[in-house]
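Good morning, and thank you for joining.

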Amino acid sequence: MDLLDNYKKAWKNQPEEISKRSTLDIYKLAQSRSSSIVKWIFIIGILEFVILNSLYFFVDMDQANTEYKKLGLENFIFYAQIAAYGILFYFLAIFYLNYKRISTTDSTRTLMKKIIKTRKAVQNYVLFNLGYMALVMIVITIASINTNFDHLSNKQIILIIFATLIATLLILAVMGLFYQLLYGFLLKKLKNNYKELAKLNDED
Amino acid sequence: MYDSLVLTNLRVLKDLENKFLSDFESNQNIVHKICRIYTTHSDAHNDLFQEITIQVWKNYAQFRGDSKFSTWMYRVALNTAISLYRKSTRKVKTQDFSDVAFKMKATDYDDTEEVQLKALYEAIHLLNDIDKALIFLYLEDKPYKEISETLGISNVNARVKMNRAKEKLKNILNP
């Protein structure tokens, strides 16, 4: 007889749970609030959209606009902002639709896939936003060098380029690290489980 | 007209609620076993039990009754344990385990089987989440068709994975 058969017999004969929940307990539990990963992903995703977009409120837009005009960038900034908002709503829609599609009644593999996909929409939006900020920063640097070209020495130009580059990289690194921590913390276990389950299917 | 519509809806909801409560109550042992497999102390056990209750109720309207309620519940409960539940970060002490797992009715219970069961739970705790699910479904005598549908992998892969999980379990039980 197989070793596990004995254990299986013990499993079958295991006594019932002693602290069984009453109907009232179950009713109360069913009405309580979920603290599932999916819920946290939704909350944190929405927070990321809100936080990234409220960064603009800290910038004095009137002053920034005068600066942009001086540099001849008002058209670029105007269209870039329209595009950025369009893309923001696109990502929000994708994120929400993916979230809605998550269902605990799916198979384990499909469920995990959908959760990861939902999370990816926010990740892509953050990546887009970081790229967008970097692009704007680079364009502004080039424009300001262009405008003040006659007053700047070569040394100063190189200094400006270096300072911008380092500042951009620093911001990207800090945000990237923060993001990795948040993302890793929430989904590490799920991703490992998904890999574990998907492994065999990739093998064939 | 509107009032009667609301009333009908309320009645349907109440029927649904009552049906859920009786279905869930009579099958709660399954949920307890899953909690005992995926957690090692009573707080976590209760947390997971709560989350599974929420998920089963939330999706209960989708349960059409073309399969057995327990079959359907296995899937929702395992999904919650594997994918939705955030493991509590608290450090787990091994002695916590024995407190939780064996607060069971010990009447008419064979001593050797009790020892075996304890060893079995301890061994299962050492497996990863997917292997836990596989072994659990094996112990519950689920057919491969159901196992592969629950996990979302092919029948062949379910068999291969099951054999590996059983090997791992045997190695832990009988090193």
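Let me begin with a definition: a residue is buried if 20 or more other C-beta atoms lie within 10 Å of its own, exposed if 12 or fewer, and partly exposed in between, with C-beta atoms placed from the backbone. By that criterion, 15% of the 204 residues of chain A count as buried. In chain B, buried residues make up 37% of 175 residues.

Two remarks on conventions. This is a predicted model, in which local features need pLDDT of at least 70 and side-chain atom pairs count only at pLDDT 80 or more, while totals for chains, interfaces and linings use all residues. Residues are numbered from 1 along each chain as its sequence is written, and chains are lettered from A and ligands numbered from 1 in the order in which they are written.

I turn to chain A. Seven helices and zero strands are assigned to chain A; helices (H or I, at least four residues) and strands (E, at least two) are DSSP runs, numbered from the N terminus. The C-alpha trace of chain A spans about 90 × 40 × 30 Å along its principal axes.

Asn192(A) is found in helix H7, residues 154-203. Is Asn192(A) buried or partly exposed? Asn192(A) counts as partly exposed because it has 13 C-beta neighbours inside 10 Å.

Chain B has nine helices and zero strands. Chain B is divided into domain 1 (1-100) and domain 2 (105-175), with bounds that come from an automatic or database domain assignment. Ten residues of domain 1 of chain B are in contact with nine residues of domain 2 of chain B; two residues are in contact if their C-beta atoms, placed from the backbone, lie within 7 Å. On the domain 1 side, H4(B) gives the most, with five residues.

Next, the contact between the chains. It takes 43 residues from chain A and 51 residues from chain B. H4(B) provides the largest share of the chain B side, eight residues. That side divides into 21 nonpolar, 17 polar and 13 charged residues. Here Ala, Val, Leu, Ile, Met, Phe, Trp, Tyr, Cys and Pro count as nonpolar, Asp, Glu, Lys and Arg as charged, and the others, Gly among them, as polar.

Finally, one helix pair. Two packed helices are described by the angle between their axes and the distance between the axes. The axes of helix H2 (residues 23-31) of chain A and H3(B) come within 8 Å and cross at roughly 80°. Axes are lines fitted to C-alpha atoms, for helices over the stretch in contact, and angles run from 0 to 180 degrees between N-to-C directions. H2(A) is therefore roughly perpendicular to H3(B), a label for angles of 65 to 115 degrees; under 35 counts as roughly parallel, over 145 as roughly antiparallel and the rest as oblique.

Which residues meet there? Ile26(A), Leu29(A) and Ala30(A) in H2(A) meet Gln50(B), Thr53(B), Ile54(B) and Trp57(B) in H3(B). The residues of this contact comprise five nonpolar, two polar and no charged.
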